[in-house]
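Subject: Structure for your files

Dear colleague,

Here is the structure I promised to pass on. My notes on it follow below.

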Amino acid sequence: MTKVNSIIKKLIHLFFIFLTVTLYGQRKEIRIPMTAAGWKYNTETVEFVTHRSVAAVRPKAGEDLNIQLKNHQFTDGTIEYDVEFTGRGFPGIGFRSSNDQKYAELFYIRYFGTVDPLSRYTTQYATVIDGVNMWDMTDEYQAAATIYDEGWNHVKLVIHGKQMRVYVNDMDNVALHVPSLEGTGKSGSIYLTGDVIYANLVIKPDAVGDLPEVEGYDPTYSDTRYLKNWLVSAPVDLAFNRDIMKPGIAIDSTLLNDSSWKPLVTERRGMVNLTREYGATENGKRRLVWLKTKIKSDVDQVRKLHLGFSDEIWVFLDGQPLHIDKNYYASPGMKEPRGRCTIENSEIMVPLKKGDNELLLGVAHYFFGWGVTARLDSTDNLKFE
């Protein structure tokens with residue numbers, strides 16, 4: 001009996017070793033089957049198939065797919081997958097997503113045909129806020145990559161806390177490094193989108209290599225030329241055929257409510273993120289907010305203001321109009337770079353008088369991300385509120 005008990009104890013011990021190793025292995029690598037049972041999807045637009053001898057998923061003709069992984073919450077780790085183009089496609093992977101996909105982190109590839117390996121517009125990271133893809137507010141988070149016209153393209157995302165590295169086809173060299181993921185969710189679901197074919201999805205929880213958890217360097221953090229402290233008004237609807245100014249130079253007072261001001265501080269990259277503050281603008285609508293700040297000058301002087309904005313802006317100094325401009329993506333007058341909101345959009349000369357000067361911005365929006373970034377060329381003899 002003693003010998004039998006000893007054998008049983010050894011078998012139990014071996015079982016627990018096996019169970020531990022199995023669970024550890026599952027923790028280190030989870031292979032996600034590309035079969036219908038594991039995904040939420042629309043049967044009218046998506047089909048699961050065998051492609052190049054492996055289980056895959058693709059949209060039905062004329063459709064885009066959107067499939068969401070069931071029963072998995074992703075926090076940190078590595079995500080790898082293969083994607084093949086069948087024509088123009090924008091393969092995107094959302095992670096740390098809310099169940100309704102209104103809040104997520106998003107990486108995608110742009111493919112319009114053969115890709116120039118030096119084009120910085122090939123890959124992009126953007127956060128999704130209230131259903132708004134903030135691609136036009138995150139120009140810095142784009143990068144070139146080598147993309148294959150035929151066959152699989154292999155993508156690997158390494159995600160840890162606030163940072164992400166993305167590899168595309170070359171697993172030895174980072175294609176895109178995101179020093180600060182700009183979403184607020186620390187964990188959430190994974191989804192795939194686009195008019196493409198996906199296969200071989202593998203998740204490795206907590207496999208982050210040497211990628212730091214804390215956010216990386218923000219070059220605007222110590223740059224005192226950025227205007228970072230503002231007062232912002234509540235948004236108001238603005239019809240597309242309506243201007244914010246009456247005939248002449250007077251601001252339409254019905255659009256400027258002085259009782260609604262509240263403080264708003266810029267985010268990373270010196271960005272006033274109005275989408276984060278006020279959510280999505282209803283499709284087909286246009287909204288307006290006002291931003292103001294004070295600049296105190298020790299002398300009369302003229303300073304250059306570098307200004308990024310999306311989508312329209314009116315600039316006033318002490319109530320007098322200085323500049324009116326538009327930055328509509330894909331329109332003839334869109335600003336460089338390609339209609340995105342960056343500090344490169346515009347430059348205007350600001351005649352500051354000795355003493356207090358009030359800078360007032362009217363910012364209208366209808367398309368994707370909404371915001372402003374502003375930087376003076378110098379802080380000589382200046383103080384900011």
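How many bridges join β23 to strand β24, and in which sense do the two run? Six bridges join them, and the strands, β23 at residues 312-317 and β24 at residues 320-326, are antiparallel. Strands here are DSSP runs of E with at least two residues, numbered from the N terminus, and two strands pair if DSSP finds at least two bridges between them.

Before the rest, the basis. This is a predicted model, in which local features need pLDDT of at least 70 and side-chain atom pairs count only at pLDDT 80 or more, while totals for chains, interfaces and linings use all residues. Residues are numbered from 1 along each chain as its sequence is written, and side-chain values use heavy atoms, with hydrogens and water left out.

Strand β23

β23 and β24 make a hairpin with two residues between them. In its turn, D318 has a positive phi of about 50°. F316 has P321 as its bridge partner in β24. β23 also pairs with strand β26 (residues 355-365), again through six bridges and in the antiparallel sense. Here V315 is opposite L361 of β26.

Six of the six residues of β23 are buried, where buried means under 20% relative accessible area, exposed over 50%, and partly exposed in between (1.4 Å probe, protein chains only). In a regular strand, side chains alternate between the two faces of the sheet. Both faces of β23 are covered, with E312, W314 and F316 buried on one side and I313, V315 and L317 buried on the other.

Pockets

A pocket is an open set of points on a 1 Å grid over the protein atoms alone, where a 1.4 Å probe fits, with protein on both sides within 12 Å along at least five of seven lines; lining residues have an atom within 4 Å of a point. The largest pocket has a volume of about 750 Å³, a volume being the space filled by probe spheres set on the points. It is lined by 31 residues, of which F90, Y108, R110, F112 and N133 are closest to the centre. β5 (65-69), β8 (104-109) and β15 (189-194) are the elements that give two or more residues to this lining, and β15 has the largest share, three residues. The lining divides into 13 nonpolar, 11 polar and seven charged residues. Asp, Glu, Lys and Arg count as charged, Ala, Val, Leu, Ile, Met, Phe, Trp, Tyr, Cys and Pro as nonpolar, and the others, Gly among them, as polar.

The second largest pocket has a volume of about 220 Å³. Of its 16 lining residues, E140, P219, T220, Y226 and R269 are closest to the centre. This lining has eight nonpolar, three polar and five charged residues.

Salt bridges

The whole structure holds 21 salt bridges, each a side-chain nitrogen of Lys or Arg within 4 Å of a carboxyl oxygen of Asp or Glu. In one of them, R96 and D76 have their closest N and O atoms 2.7 Å apart. R96 is in strand β7 (residues 92-97) and D76 in the loop between β5 and β6 (77-85), so the pair ties together parts 20 residues apart in sequence. R96 is buried at 7% relative accessible area, and D76 is buried at 13%.

For the salt bridge of E282 with K285, the closest N and O atoms are 3.5 Å apart. E282 is exposed at 54%, and K285 is partly exposed at 38%. E140, E182 and R269 are linked in a network of salt bridges.

Regards

Terms used:
Helix = DSSP H or I, 4+ residues; strand = E, 2+ residues; numbered from the N terminus.
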